[in-house]
Amino acid sequence: MAWKEGTVQPQHFVEEIDYNEIQKIEVVGKGAFGVVWKGMWRDSYVAVKHIDSEAEKKAFAVEVRQLSRVSHPNIVKLYGACTQNPVCLVMEYAEGGSLYNVLHNKPLPKYSAGHAMSWALQCAKGVAYLHNMKPKALIHRDLKPPNLLLIMGGKVLKICDFGTACDKKTYMTNNKGSAAWMAPEVFEGSSYTEKCDVFSWGIILWEVLSRRKPFDEIGGSAFRIMWAVHTGERPPLINGCPKPLEQLMTSCWDKNPANRPPMEEVVRIMSLLFPFFSGYDEPVQYPPMAQNPLVDSPCSSEGSEDGAEDNYGSDTIDTQSEFRSTFSDKSRIHIVVALDSVVGITPAFCARGCGFDPG
């Protein structure tokens with residue numbers, strides 16, 4: 001495919017949008033690819049992802065092609081593209097910014113265990129949809145909180161950034177910023193399947209429950225994280241985490257892809273556990289002086305992921321008090337009572353083994 005400066009090969013199955021119809025409002029993200037603007041198009045707010053780098057235009061074509069195939073409530077909607085100068089994607093606007101920013105940007109917004117479970121379940125549902133696409137499964141390959149956007153007060157999650165998605169076994173060539181969530185078979189150069197997304201999901205589940213950056217304690221370059229994952233290192237288990245969640249999490253990040261559950265099974269297990277959590281239907285509580293949640297986050301993760309790598313180095317071993325401070329007492333007590341009916345263990349056993357107060 002020949003690429004000309006300032007243009008992209010037209011995608012006939014995606015609406016060609018006249019850039020002059022877009023009213024730019026403000027910059028809400030920056031990265032190696034270019035700039036993301038909040039804009040107004042046909043009376044709706046949109047995210048306009050500009051592709052300024054020639055090197056990013058091939059990824060742009062991949063993202064247009066893959067997003068044009070999908071339609072799911074937990075996947076960001078593509079309205080169309082501008083393939084002339086300027087080159088850009090016009091996408092659904094996510095006013096809540098990225099999940100990464102909610103988890104880690106200070107001042108920290110408040111969320112409950114119900115929110116954490118809801119985000120993980122919605123992500124699993126979106127990925128399961130991708131994996132069940134016909135005639136070929138679609139593998140995202142870059143699942144991580146910077147690529148998960150929030151809307152409706154943080155209650156609804158949307159998967160974005162399909163620039164590395166593929167519909168066949170290929171090799172990932174640009175691993176920058178994604179090492180902490182990447183399955184070992186991907187960076188080891190082995191052929192891989194959709195189970196690489198299952199590995200990433202397991203790391204994300206740990207991250208939303210612990211509210212810590214995975215492999216934060218390792219520090220240094222992405223290669224140090226890759227080596228740690230290759231040798232079998234995983235995030236520390238969370239004190240007080242219910243055993244069914246811990247078992248699901250650790251099975252998802254098993255080194256052997258064959259031992260990881262399919263994403264449909266992840267959805268099934270999460271759907272069984274989710275009703276026993278509360279608080280997910282309440283908006284996330286953003287601090288009054290919180291930074292604009294969209295900066296460096298919407299529709300692409302380059303800004304956030306660079307920051308994530310720069311911040312590696314602090315201690316991440318969770319304590320019981322830290323785990324509890326993330327979630328409300330109501331959510332914790334509800335877990336203890338509910339697990340008796342889900343997995344046949346008593347609240348007293350759960351309180352002792354998982355560190356929860358029996359309420």
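Modeller: Happy to! Helices α7 and α8 are roughly antiparallel to each other, because their axes cross at roughly 165° and angles over 145 degrees count that way. Do keep in mind that this is a predicted model. Helix α7 covers residues 243–252 and helix α8 covers residues 263–273, and their axes come within 11 Å. The crossing of α7 past α8 is left-handed. On the α7 side, the contact is made by Pro244, Leu245, Leu248 and Cys252. Val266, Ile269, Met270 and Leu273 are the residues that α8 brings to this contact. By type, the contact of α7 with α8 holds 8 nonpolar residues, with no polar and no charged ones.

Now to the cysteines. Searching the whole structure turns up 0 disulfides. Take Cys82: the closest cysteine sulfur to its own belongs to Cys88 and lies 3.4 Å away, which is too far for a bond because a disulfide needs the two sulfur atoms within 2.5 Å. Cys82 has a relative accessible area of 2%, so it is buried. Cys160 also counts as buried, because its relative accessibility is 0%.

For a contrasting spot, have a look at Glu217, which sits in the loop between α5 (195–210) and α6 (222–230). Glu217 counts as partly exposed, with 30% relative accessibility. Along the chain, Glu217 and Pro235 are 18 residues apart, and 9.5 Å separates their C-alpha atoms.

Key
Residues are numbered from 1 along each chain as its sequence is written. This is a predicted model: local features need pLDDT of at least 70, side-chain atom pairs count only at pLDDT 80 or more; totals for chains, interfaces and linings use all residues. Side-chain values use heavy atoms; hydrogens and water are left out. Axes are lines fitted to C-alpha atoms, for helices over the stretch in contact, and angles run from 0 to 180 degrees between N-to-C directions. Helices (H or I, at least four residues) and strands (E, at least two) are DSSP runs, numbered from the N terminus. Angles under 35 degrees count as roughly parallel, over 145 as roughly antiparallel, 65 to 115 as roughly perpendicular and the rest as oblique. A crossing is left-handed if the near helix is turned anticlockwise from the far one by less than a right angle, and right-handed if clockwise. Contact means heavy atoms within 4.5 Å. Ala, Val, Leu, Ile, Met, Phe, Trp, Tyr, Cys and Pro count as nonpolar, Asp, Glu, Lys and Arg as charged, and the others, Gly among them, as polar. Buried means under 20% relative accessible area, exposed over 50%, partly exposed in between (1.4 Å probe, protein chains only).
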